[in-house]
Amino acid sequence: MSIGIALIGCGTVGGSVVDLLTTQRNRLLERTGGGHLDIKHIVVRDPARHRERPHVHTDWQKAIHDPAVNVVIELIGGSSTAKEIVLTALAAGKHVITANKALLAAHGRTIFDAARAAGTTVSFEAAVAGGIPIIKALAESLAANQITAIQAILNGTSNFILSRMAESDATYAVALAEAQAFGYAEADPTLDVDGSDSAHKLAVLAQIAFGVSPDLDAIEKHGIAGLDASDIRYARELGYTIKLLAEAWSFAGNQVSLHVSPVLLRQTDMLAQVRGAFNAIRVRGDAVGEALFQGPGAGGMPTASSVVGDLVDLACGRTSHTFATTQLWSDRDRGYRVVPSERVESRFYLRVLVKDQPGVLAEVCRLLAVESISIASVVQHEAVDGHPEQTVPLVIMAHAASAGRFRNAAQAINQLATVIGPTVCFPVAD
């Protein structure tokens, strides 16, 4: 038995897929039970850059419609041309493997309906968290559970930046420059640092865990762009570490809240200890309790590991059964509904830069009390130089209340004449 492969895109991940298939042929032959994984086409924009590889050309239509091709691996990213390629492949009766979280988050229903109509399958282990097998874990290994919460570090660029800021007291700009120098951040890092990349991945996880297909605009996101180093320092003084988390919480029986935000974690929390460009996903299930998955969330070989794992499953016949039984992005309704994150209760960290004069703290506390927010602690730091008027930062740790109440309070505090600049407000994961 032979599985003919058309690889669309041969960048860092695609090149690693080719290398893994080439160097580990005997291992993969054993794992597939005798199935040969044969590359028939490698489609790229510039063949001159891939002279050392066989089967390289630029015509993806030719690759897809080759009768010797059974599976199309889409690794070009984006959600326009990639969508056309994937839908064309499915219509041609080819199975699809993709690492494209943006495509699935935006067009998952369309793609999976097309696969079901064509009698083919879609696999996407590499779309979330690179080399961490979180898709199979949620869809298969944890099938006995109803997932109740997901907290995840899903963007290695942001985690590298936050790690550097915490470990060396670097500013955001310096840490970002280091991430770019090491290849962890693109020249334009916007999708990583504004939370969009994490939101795409969270949308995919939410489909598997809760059967919801959220509009991406419904996932509230706050990234780390411009995060002030003082908040890293103040959080550390209080015993916390700041991480960019993608979170899904179920509550009130059938409601799910999805959001991406910097969050204060206890320094002893396992997620707080995930450093550098690594990813981690904490899952809570009603049977298993809490499980943590950690590993490289990006990179050529880690992501290729997941892509080739999907190939092996396809060759062994596991994919067809799993695809049929999980019914992802389908009409199956598990009863969950996405609701605004403002209804989720949490503790919060607030930093308010105020004029150094009597009565200011009382004004701030009064506005918190209006929203029924009680205060756990207040720390007033030394005056901040460099402003026209001498100012002091107030760092407030509040008891739990709904996110909506905190936002209302922050907006009111920002209107005070004694407040300089907007209030900084982050959830606290206690």
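Is Phe 182 buried or exposed in this model? With a relative accessible area of 57%, Phe 182 counts as exposed, where buried means under 20% relative accessible area, exposed means over 50%, and partly exposed lies in between (1.4 Å probe, protein chains only).

The structure is a predicted model, in which local features need pLDDT of at least 70 and side-chain atom pairs count only at pLDDT 80 or more, while totals for chains, interfaces and linings use all residues. Residues are numbered from 1 along each chain as its sequence is written, and side-chain values use heavy atoms, with hydrogens and water left out.

**Aromatic pairs**

The structure holds 10 aromatic pairs, a pair being two rings of Phe, Tyr or Trp (its six-membered ring) whose centres lie within 6.5 Å, with planes under 30 degrees apart called stacked, over 60 edge-to-face and the rest tilted. Two of these pairs share Phe 160, as the rows below set out.

| Pair | Centre distance | Plane angle | Class |
|---|---|---|---|
| Phe 160 and Phe 182 | 5.9 Å | 65° | edge-to-face |
| Phe 160 and Tyr 184 | 4.8 Å | 45° | tilted |

Phe 160 lies in helix H7 (residues 156–168), whereas Phe 182 lies in the loop between helix H8 (172–181) and helix H9 (190–193), so that pair links parts of the chain 22 residues apart. Helices here are DSSP runs (H or I, at least four residues) and strands are runs of E (at least two), numbered from the N terminus. Tyr 184 is also in the loop between H8 and H9, so its pair with Phe 160 ties together parts that are 24 residues apart in sequence. Phe 160 is buried at 9% relative accessible area, while Tyr 184, at 39%, counts as partly exposed.

Elsewhere, Phe 112, Phe 124, Phe 323 and Trp 329 form one aromatic cluster.

**Leu 176 in helix H8**

Leu 176 is found in helix H8 and counts as buried, with a relative accessibility of 14%. Leaving aside residues up to four places away in sequence, Leu 176 touches Ile 161, Ala 185 and Pro 189, where contact means heavy atoms within 4.5 Å.

**The sheet**

An open sheet of 6 strands runs in the order E3-E2-E1-E4-E5-E6, with parallel pairing; two strands pair if DSSP finds at least two bridges between them. Strand E3 (56–57) and strand E6 (122–123) stand at the edges with a single partner strand each, so one side of each is left without a neighbour in the sheet. Strand E1 (residues 2–8) and strand E2 (residues 36–43) pair in the parallel sense over 7 bridges, and Ile 3 has Leu 37 in E2 as its bridge partner.
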